[in-house]
Amino acid sequence: MYDEARQAILNSSETSSVYVGADSIRFKRNGLWFAKYSTVVILHMDSKHGGKIFHKNVEMRDFGNLRQRLITEAGFAIEAATEIVDVIGDRHLEIHLDINPDPKHKSNIAVKEALGYVKGTTGLDAKIKPESFAATHAADHVVRH
């Protein structure tokens with residue numbers, strides 16, 4: 001996935017934008033819990049002419065710790081950004097996390113840690129809901145279908 005995304009980015013104009021996001025779902029297999037993580041890289045051509053989505057799925061055992069799963073999602077988004085950052089050039093790059101800042105939502109449990117993880121690793125301020133479409137829509141769609 002990364003080689004294809006890198007090549008598409010290199011072949012795009014400098015006015016294109018790149019969005020990275022990750023999402024996950026839990027499921028049971030043979031009585032054991034697993035999480036399927038999907039990571040997406042979205043290339044928005046010229047930041048106005050449609051785009052291309054590249055994705056990668058990984059399955060791992062899950063032990064029911066939501067905070068850990070959300071931090072793992074952030075880790076996959078960071079990995080994706082790290083894999084493509086050297087071909088970004090002057091293109092706009094954003095990292096999106098499927099985390100809600102509102103305390104009444106369960107994903108709020110990892111807001112500070114996940115944002116700090118992204119900032120400390122990449123130097124970028126990650127986007128969270130409602131601005132995190134790469135995670136909340138694109139990665140969510142990939143992980144569920």
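Select Pro 130, which lies in the loop between H3 and H4; helices (H or I, at least four residues) and strands (E, at least two) are DSSP runs, numbered from the N terminus. The peptide bond leading from Lys 129 into Pro 130 is cis, with omega near 5°. This is a predicted model, in which local features need pLDDT of at least 70, side-chain atom pairs count only at pLDDT 80 or more, and totals for chains, interfaces and linings use all residues. Residues are numbered from 1 along each chain as its sequence is written, and side-chain values use heavy atoms, with hydrogens and water left out.

Next, select Asn 30, in the loop between E1 and strand E2 (32–44). Asn 30 is not a glycine, yet has a positive phi of about 55°. Most residues other than glycine have a negative phi, and most peptide bonds are trans.

Now show helix H2 (residues 66–84) and helix H3 (residues 111–122), whose axes come within 9 Å and cross at roughly 25°. Axes are lines fitted to C-alpha atoms, for helices over the stretch in contact, and angles run from 0 to 180 degrees between N-to-C directions. H2 and H3 are therefore roughly parallel to each other (angles under 35 degrees count as roughly parallel, over 145 as roughly antiparallel, 65 to 115 as roughly perpendicular and the rest as oblique). On the H2 side, select Arg 67, Ile 71, Ala 74, Gly 75 and Ile 78; on the H3 side, the contact (heavy atoms within 4.5 Å) includes Tyr 117 and Val 118.

Tyr 2, Ala 5, Arg 6 and Ile 9 of H1 meet Phe 76, Glu 79, Ala 80, Glu 83 and Ile 84 of H2.

Finally, turn to the largest pocket, with a volume of about 160 Å³. On a 1 Å grid over the protein atoms alone, a pocket is an open set of points where a 1.4 Å probe fits, with protein on both sides within 12 Å along at least five of seven lines; lining residues have an atom within 4 Å of a point. The volume is the space filled by probe spheres set on the points, which are joined across faces, edges and corners. To see the lining, select Asp 23, Ser 24, Leu 66, Arg 69, Leu 70, Glu 73, Asp 98, Ser 107, Lys 129, Asp 140 and Arg 144. H2 supplies the largest share, four residues.
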